[in-house]
Amino acid sequence: MKKYYIKTYGCQMNISDSRKMADILDGAGYEEIRISENQGIRAIRELEQCDIIVVNTCTVRANAENKGLWFAKSLKHHKEKNPNLKIIFCGCIVEDKKNEITKLLPHVDLFIPPNSSEKLEEFLVFSPSIEKRGGNRAERGGGEFVTIMHGCNNFCSYCIVPYVRGREKSRTPEEILEEIRILGNQGIREITLLGQNVNSYKYGFAKLLHMIEKTIEGEIRGLERIRFLTSHPKDMSDDIIDAVADLPHLCEHIHLPIQHGDDEILKAMNRGYTVDDYKRIAEKIRNKIKGVAITTDMIIGFPGETEKHFSNSVGRIREFAFDQVVTTIYSPRSKTAAAKMENQVPEEIKKERLQRIMKVTDAMALEQNKKLVGTTQEILNGRTRTNKIVKSNLKGQPGNVTITSARSYILYGGTTNDTRK
Ligand code: SF4
């Protein structure tokens with residue numbers, strides 16, 4: 001059997017694109033080779049077995065971009081040893097560097113821009129129907145992504161997504177419901193709806209959530225959980241919050257990126273809300289959705305960020321009692337407005353601030369997790385409904401677990417003897 005390996009960098013959208021390509025390759029009769037994160041490029045024997053290697057890249061952060069390019073360059077040596085090996089390079093870098101990419105990676109057989117996985121089908125001269133796709137989906141852990149929209153119209157001043165993924169395009173509710181039905185019938189128990197900004201879904205996001213709930217209740221017995229990513233605070237409406245509060249399959253977790261805790265910086269980021277606006281939404285979420293977890297993203301060292309701006313970000317972590325904060329050092333991305341700003345923050349200051357804020361986010365996450373000690377949590381795919389990781393004696397099976405101890409990013413439960421606090 002022919003074999004393939006897919007290396008994915010970046011966000012959930014990229015993971016979703018990679019899964020679509022995996023479905024296409026599975027449908028074409030290829031077998032996936034899995035390589036652990038730790039092995040990576042050193043998995044020479046595994047890479048040598050491959051007939052196709054796909055590198056799905058990300059350009060949102062410089063670090064991920066460099067890693068993706070470096071991995072793809074390192075495959076030249078495999079291609080020289082095995083000229084039949086097909087190397088496919090896809091994702092945001094293809095769009096961002098379209099004029100230079102073929103020179104950078106002359107050994108690559110096919111370049112695929114974002115949201116264009118059908119090009120892989122053309123390449124294989126194979127067009128499986130959606131019903132044929134997903135043979136290995138249940139094996140991949142009982143959870144799947146369903147993309148409801150692509151692209152973004154927001155042009156946050158630091159973000160390259162609108163340039164590389166284009167403007168918002170929403171799939172119709174009918175298409176989405178059909179994909180969910182198929183996944184449900186394949187035994188998938190948890191689905192995450194994906195979009196750069198799901199709240200601005202063209203046909204009404206709250207309406208879509210109600211339609212999904214009705215479809216699950218009427219037709220799909222085994223599907224237990226629905227999640228969604230990512231929400232934009234400026235588009236988070238009351239009817240979406242109500243839907244999460246009222247619909248039993250919707251999980252009590254909202255990822256709501258604040259990005260910064262200071263109004264001046266939020267304005268420079270072109271985010272379209274103030275800290276007070278965010279506060280009102282977070283309060284509504286906490287008041288309406290019982291037991292909800294709120295997680296967020298924060299950028300450290302945006303151009304012009306002073307110590308005072310930074311300390312406002314630090315203060316918001318406690319003020320909003322975030323369950324988790326994904327902190328990222330700002331890195332300038334070509335084409336974006338922020339890259340042209342003159343008041344860039346020196347790297348060593350950004351790194352030092354990152355260290356400081358991480359101590360606060362870790363402490364806050366621990367405080368939130370400790371509140372769950374003694375409670376019983378419903379576990380699926382190793383996570384609570386609020387998306388917290390739980391280590392227990394369930395060994396990957398679904399079930400109920402009593403939480404016995406907590407660390408910042410993991411809970412322990414069941415009969416585990418772990419007593420770490
Ligand atoms: S909302 Fe802003 S940060 Fe998110 S994808 Fe769109 S432009 Fe980028």
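This is a predicted model: local features need pLDDT of at least 70, side-chain atom pairs count only at pLDDT 80 or more; totals for chains, interfaces and linings use all residues.

Visitor: Which domains does the assignment give for the chain?
Guide: The assignment has domain 1 at 3–124, domain 2 at 141–370 and domain 3 at 376–413.

Visitor: How far apart are the C-alpha centres of domain 1 and domain 2?
Guide: Those centres are 27 Å apart. As for the contact between the two, domain 1 puts in 18 residues and domain 2 puts in 20 residues.

Visitor: OK, on to the ligand. Which residues are around the ligand?
Guide: You'll find C152, N154, F155, C156, Y158, C159, V161 and P162 there, along with Q196, H232 and R271.

Visitor: And how does that shell split by class?
Guide: Seven of the residues around the ligand are nonpolar, three are polar and one is charged.

Visitor: Now the helices. At what angle do the axes of α10 and α11 cross?
Guide: At roughly 20°, with the axes coming within 8 Å. Helix α10 covers residues 205–219, and helix α11 covers residues 238–246.

Visitor: Roughly parallel or roughly antiparallel, then?
Guide: Angles under 35 degrees count as roughly parallel, so α10 and α11 are roughly parallel to each other.

Visitor: Is the crossing left-handed or right-handed?
Guide: Left-handed, as α10 passes α11.

Visitor: Which residues make the contact?
Guide: From α10 it's F205, A206, L209 and H210, and from α11 it's D239, I240 and A243. By class, that contact has five nonpolar residues, one polar and one charged.

Notes. Residues are numbered from 1 along each chain as its sequence is written. Side-chain values use heavy atoms; hydrogens and water are left out. A residue is near a molecule or strand if one of its heavy atoms lies within 4 Å of it. Ala, Val, Leu, Ile, Met, Phe, Trp, Tyr, Cys and Pro count as nonpolar, Asp, Glu, Lys and Arg as charged, and the others, Gly among them, as polar. Axes are lines fitted to C-alpha atoms, for helices over the stretch in contact, and angles run from 0 to 180 degrees between N-to-C directions. Helices (H or I, at least four residues) and strands (E, at least two) are DSSP runs, numbered from the N terminus. Angles under 35 degrees count as roughly parallel, over 145 as roughly antiparallel, 65 to 115 as roughly perpendicular and the rest as oblique. A crossing is left-handed if the near helix is turned anticlockwise from the far one by less than a right angle, and right-handed if clockwise. Contact means heavy atoms within 4.5 Å. Domain bounds come from an automatic or database domain assignment.
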